Amino acid sequence: MAQDKLVQGKEAIPPKKRGRIDNPEPLIMESEEQKENSKGKAKASRKLRNPKSSKKKSFFHRFFTKLFLWLLLLAIILVAALFLWQQFSKVEIEKKYALVSQELQRCSELTTVKINYSDIVTLKKSAIMGMAKSYSIVKFSGVIRCGIENLGDSRMYIDQDGKGITLRIPVAKVLGNDIQEIAVFDEQQSIFVPITTQEVLDQVDFAREDTLQKALDSGILAESEQQARSLLTTILSNMGFQQIDIQN
C-alpha cells in the first residue's frame, strides 16, 4: 500500500512541473539571448561614452552655427547700408536736379552770339524825262542775336552717383534782328516824285534781311550752339558735375 502511495505520489506531480525540472534547455536559450542583448548594450554604451567623437561634433556644430549667424548679420548690415546709400543718393540727385532746373529757368532766353552791324541804303526816283529827281541816303544800324530761345525746355539726366549729367538743349536759332537807329544822311525831294517814309523803311528792311542771310551763311548758328555748350559746361562744372554731355 505504501508503495502504491509512493507511485501514486510520483504520478501526482503535475506534468508542467516535471517538464520544467526535466527539460532545462529553454532556460539556457534565455540566458544566451540575454548575453547577446547585454553585448549590444555594452557596444552602444561604449559608443556613447566616446568623448573624442562627441567633442568634435559639438565643436563643428558651434563653429557652423556661429559662422551662419555672422554671415547673416553681415548680410543684414550690407542690405541696410545699401538701402541708406540709395536713399541718400536719391535725395542728392533730386537736389541737383532742382538746382539745375532753377538755373536753366533763370537763364530762359540765352543769347550766345551778338553781331552789331551798320549799313547805308540809297533810294533814287526820277520823272519827267529825268528832270524831276528825288533821292534819299539813309544810314542805319542793327544787331543780330542768336542763341537758345528757352532753356527751360531742356531735358536732363543725372547719373546715380551724381557726378555725371546729360543735358539736351533746344537748337540755336535767330533770336532777333533789330534796328537800333535810322538816320537820314542826305536827301532831295521833288514834289513830282516824292520818296515816302514807307519806301525808306522797306529798303532798310531789305538791307537788314540781306545782312542776316550773310551771317547765317557764315555759320553763325553753329557758332551760337558751340558758345551755348561752352557756357553751360562752365555753369554745370561749378555745380560739381565731373562728366558733362550737352547735346541738341
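Guide: Some conventions come first. The model is predicted, so local features need pLDDT of at least 70 and side-chain atom pairs count only at pLDDT 80 or more, while totals for chains, interfaces and linings use all residues. Residues are numbered from 1 along each chain as its sequence is written, and side-chain values use heavy atoms, with hydrogens and water left out.

The chain holds six helices and six strands; these are DSSP runs numbered from the N terminus, with helices (H or I) of at least four residues and strands (E) of at least two. Their order along the sequence is α-α-α-α-β-β-β-β-β-α-α-β.

A search of the whole structure returns one cavity of 30 Å³ or more. A cavity here is a set of points, on a 1 Å grid over the protein atoms alone, where a 1.4 Å probe fits but cannot get out, and lining residues have an atom within 4 Å of a point. The volume of the largest cavity is about 50 Å³, taken as the space filled by probe spheres set on the points, which are joined across faces, edges and corners. Its lining consists of Val 100, Glu 103, Leu 104, Cys 107, Leu 167, Leu 232, Ile 235, Leu 236 and Met 239. H4 contributes the most, with four residues. By class, the lining has eight nonpolar residues, no polar ones and one charged; Ala, Val, Leu, Ile, Met, Phe, Trp, Tyr, Cys and Pro count as nonpolar, Asp, Glu, Lys and Arg as charged, and the others, Gly among them, as polar.

S4 and S6 belong to an open, mixed sheet of three strands, ordered S3-S4-S6. Strands S3 (155-158) and S6 (243-247) are at the edges with a single partner strand each, so one side of each has no neighbour in the sheet. On average, neighbouring strands of this sheet are turned by 10° against each other, direction ignored. S3 pairs with S4 (residues 164-168) in the antiparallel sense over four bridges, pairing being assigned if DSSP finds at least two bridges between two strands. Arg 155 stands opposite Arg 168 in S4.

Helix H4 also carries Lys 96. This residue is partly exposed, because its relative accessibility is 22%, where buried means under 20% relative accessible area, exposed over 50% and partly exposed in between (1.4 Å probe, protein chains only). Leaving out residues up to four places away in sequence, Lys 96 touches Ile 158, Gly 162, Gly 240 and Phe 241, a contact being heavy atoms within 4.5 Å. Lys 96 and Ile 158 are 62 residues apart along the chain, yet their C-alpha atoms are separated by 8.3 Å.

For the chain as a whole, 23% of the 248 residues count as buried. Among contacts with a separation of 6 or more, 78% join residues 24 or more positions apart.

Technical notes
Axes are lines fitted to C-alpha atoms, for helices over the stretch in contact, and angles run from 0 to 180 degrees between N-to-C directions. On a 1 Å grid over the protein atoms alone, a cavity is a set of points where a 1.4 Å probe fits but cannot get out, and a pocket is an open set with protein on both sides within 12 Å along at least five of seven lines; lining residues have an atom within 4 Å of a point.
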